[in-house]
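Q: Hi! I have a structure open here and would like to talk it through with you. Could you take me around it?

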Amino acid sequence: MEPSGPARIVLAGVVPPADGGAIRVVADGTPVAVFNRGGTLYAIGARCPHVGGPLDQGTVTGHRVRCPWHGSVFDLETGAVVTGPAETPVPAYRVRVEGDGLVLEPRTS
Ligand code: FES
């Protein structure tokens, strides 16, 4: 039996984005944007905390994504705000392919 716990979110049947792409999924009721940067997957909350812009549709540069609505920039690894107007971070997750889907684990730091 695989390890499980409240922090582990299994998204069966979800195909990861292609390199350079992003998808939006819902994990435990929370919209999450999953990005593929050079084969490495990143996952952060998809809803910009400013006024709800879709971060999965943002512009990615390096390990940062720019909200398409007003330009807040977030770190893909930590969810931290790099540039406002947003003032609060988004949740960040460790993400990996497992079986036929994805597994997300909230980052605690
Ligand atoms: S909604 Fe993202 S910066 Fe305004």
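A: Happy to. One term before we start: two strands count as paired if DSSP finds at least two bridges between them. Also keep in mind that this is a predicted model.

Q: Got it. In what order do the strands of the six-strand sheet come?
A: The order is E1-E10-E9-E4-E3-E2, in an open sheet with antiparallel pairing.

Q: Which strands are at the edges there?
A: E1 and E2, and each of them pairs on one side only. From one strand to the next, the twist averages 30°.

Q: Let's zoom in. How many bridges are there between E2 and E3?
A: Six bridges, with the two strands paired in the antiparallel sense. One of the pairs to look at is Val25, whose bridge partner in E3 is Val32.

Q: And how many bridges for E9 and E10?
A: That pair also has an antiparallel arrangement, over six bridges. Look for Glu98 there: Gly101 in E10 stands opposite.

Q: Back to the E2 and E3 hairpin. How many residues sit between the strands?
A: Two residues, and Asp28 in this hairpin has a positive phi near 50°.

Q: Is Asp28 buried or exposed?
A: Asp28 counts as exposed, because there are 11 C-beta neighbours inside 10 Å and the cut-off for exposed is 12 or fewer. You'll find Asp28 in the loop between E2 and E3.

Q: Changing topic: which residues touch the most other members in the largest nonpolar core?
A: That core has 26 residues, and the ones touching the most other members are Val32, Ala33, Val34, Ala43, Ile44, Leu55 and Leu104.

Q: Which strands supply at least two residues each?
A: Strands E1 (9-11), E2 (22-27), E3 (30-37), E4 (40-45), E9 (92-98) and E10 (101-106) each do. E3 gives the most, with four residues.

Q: Val32 has come up a couple of times. What is Val32 in contact with?
A: Leaving aside neighbours within four places in sequence, Val32 is in contact with Val25, Ala27, Ala43, Gly45, Ala46, Tyr93 and Leu104. Val25 in that list is also the residue whose bridge partner is Val32.

Q: How many bridges join E6 to E7?
A: Three bridges, between residues 64-66 of E6 and residues 73-75 of E7, which run antiparallel. Within that region, Arg66 stands opposite Val73 in E7.

Q: Now a loop residue. Where does Gly53 lie?
A: In the loop between E4 and E5.

Q: Is Gly53 buried or exposed, and why?
A: Gly53 is buried, because 20 other C-beta atoms lie within 10 Å, and 20 or more is what buried requires.

Q: What does Gly53 touch?
A: Not counting residues up to four places away in sequence, Gly53 touches Cys48, Cys67, Pro68, Trp69 and His70.

Q: Let's step back to the whole protein. How many helices and strands are there?
A: Zero helices and ten strands.

Q: How compact is the protein for its length?
A: The radius of gyration is 13 Å, close to the 13 Å from the globule rule for 109 residues, so the protein is as compact as a globular protein of that length. The C-alpha atoms fill a box of roughly 45 × 25 × 20 Å along the principal axes.

Q: Last one: what share of the residues is buried?
A: Buried residues make up 31% of the 109. As for contacts with a separation of 6 or more, 34% are between residues 24 or more positions apart.

Key: Residues numbered from 1 in each chain as written. Predicted model: local features only at pLDDT ≥ 70, side-chain atom pairs only at ≥ 80, totals over all residues. Core = buried A, V, L, I, M, F, W, Y, C linked by C-beta atoms within 7 Å. Contact = placed C-beta atoms within 7 Å. Axes fitted to C-alpha atoms, helices over the stretch in contact; angles between N-to-C directions. Rg over C-alpha atoms; globule rule 2.2 N^0.38 Å.
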